[in-house]
Amino acid sequence: AQASASNYEKKKTRVTNQIIRKGWLTVSQAGFMKGVGMGSKEYWFVLTAETLTWYKDEEEKETKYQLRLDGVRLRDLEAGFMSKRVSFALFNPDTKNLFKDHKQLELSADNQETVDSWKASFLRAGVYPERESSEDKSLQGEIGTLDPQMERQVETIRNLVDSYIRIVSKTIRDLVPKTIMYMIINNIKEFIAAELLAHLYSSGNVSDLMEESEEEAQRREEMLKMYHSTKEALQIVGDIDTHTISIPTPPPVDNSDFDPRRPPAPPKPGGAPPIPGRPPIPSRPT
């Protein structure tokens with residue numbers, strides 16, 4: 001009897017803690033897992049009916065942490081100023097810490113479709129979105145007092161309907177501009193085929209319509225002249241660069257002999273005496 005009871009408990013545990021989803025998510029809150037060496041990066045998450053466990057990689061050998069989902073709720077988060085990732089958070093509605101001194105676990109994905117898929121998976125695990133207290137009271141007043149199982153089923157159906165409405169709304173927002181553009185293009189195509197071509201053919205000779213105007217011909221000639229002038233200028237510049245030979249500059253001239261502040265050199269023997277009132281003639285360097 002004891003063996004059968006233990007087997008029943010094991011089978012019940014396997015059924016209740018079945019794996020719902022696996023995938024990559026990013027822990028957006030950098031300081032959430034400082035105590036166990038976890039930062040803001042991607043981890044491999046495994047969601048079951050009772051726990052959320054994340055690992056270092058897909059091999060699921062190194063467990064980072066395991067979170068019990070009893071009483072945990074889910075809420076959407078606004079995207080950061082410089083971030084394009086879609087985020088959501090897990091928290092305890094009774095203001096208890098979810099892990100050590102942290103109130104919530106912030107997770108993010110690359111796009112809204114991945115986040116919506118994870119929300120649906122959390123819904124299967126019994127993690128419901130955050131609701132306003134007024135909504136809970138109105139729901140309780142409409143359907144009366146329910147047992148926990150019935151209340152869980154009603155909440156599940158309600159969240160599934162909300163998720164379906166969001167998907168339908170997003171699909172309509174995506175299809176409406178495409179449909180409008182499709183109709184505009186079709187109307188333009190019909191106008192060109194039915195009216196515009198008929199008007200062009202009835203206006204006269206088609207070759208006259210294809211002739212180049214005088215203004216365009218003059219502009220084309222000017223552009224051709226500018227092109228040929230630029231081409232010749234580039235050829236001249238190229239010839240100058242290839243045929244020019246640079247010659248080193250000569251050394252500077254020593255004109256210190258012509259400095260008026262220099263005292264006059266003594267006359268050579270046998271030279272003519274200096275003329276009064278006239279500065280002496282400087283001697284040539286030998």
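Biologist: By class, what makes up the lining of the largest pocket?
Modeller: The lining has 11 nonpolar, 6 polar and 11 charged residues. Asp, Glu, Lys and Arg count as charged; Ala, Val, Leu, Ile, Met, Phe, Trp, Tyr, Cys and Pro count as nonpolar; the others, Gly among them, count as polar. This is a predicted model: local features need pLDDT of at least 70, side-chain atom pairs need pLDDT 80 or more, and totals for chains, interfaces and linings use all residues. Residues are numbered from 1 along each chain as its sequence is written, and side-chain values use heavy atoms, without hydrogens and water.

Biologist: How much space lies in the largest pocket?
Modeller: About 610 Å³. A pocket is an open set of points on a 1 Å grid over the protein atoms alone, where a 1.4 Å probe fits, with protein on both sides within 12 Å along at least five of seven lines. Lining residues have an atom within 4 Å of a point. There are 28 of them here, and those closest to the centre are Asp76, Gln112, Asp116, Lys119 and Arg166. Helix α4 gives the most, with 10 residues.

Biologist: How do you know that the largest pocket lies between domain 1 and domain 2?
Modeller: Domain 1 (19-31 + 38-129) and domain 2 (148-203) both give residues to its lining, so the pocket lies between them. The bounds come from an automatic or database domain assignment.

Biologist: Why is the pair of Trp54 and Tyr65 called tilted?
Modeller: The structure holds 5 aromatic pairs. Ring centres must lie within 6.5 Å; planes under 30 degrees apart are stacked, over 60 edge-to-face, the rest tilted. Trp54 and Tyr65 have centres 5.7 Å apart and planes at 45 degrees, so their pair is tilted. Trp54 is in strand β3 and Tyr65 in strand β4, 11 residues apart. Strands are DSSP runs of at least two residues, helices of at least four.

Biologist: Is Tyr65 buried, exposed or partly exposed, and why?
Modeller: Buried means under 20% relative accessible area, exposed over 50%, partly exposed in between (1.4 Å probe, protein chains only). Tyr65 has 25%, so it is partly exposed. Trp54 has 0%, so it is buried.

Biologist: What makes the pair of Phe88 and Phe122 edge-to-face?
Modeller: The planes stand at 65 degrees and the centres 6.0 Å apart, so the pair is edge-to-face. Phe88 lies in strand β6 and Phe122 in helix α2, so the pair ties together parts 34 residues apart in sequence. Phe88 is buried at 0%, and Phe122 is buried at 0% too.

Terms used:
Grid points are joined across faces, edges and corners, and a volume is the space filled by probe spheres set on the points.
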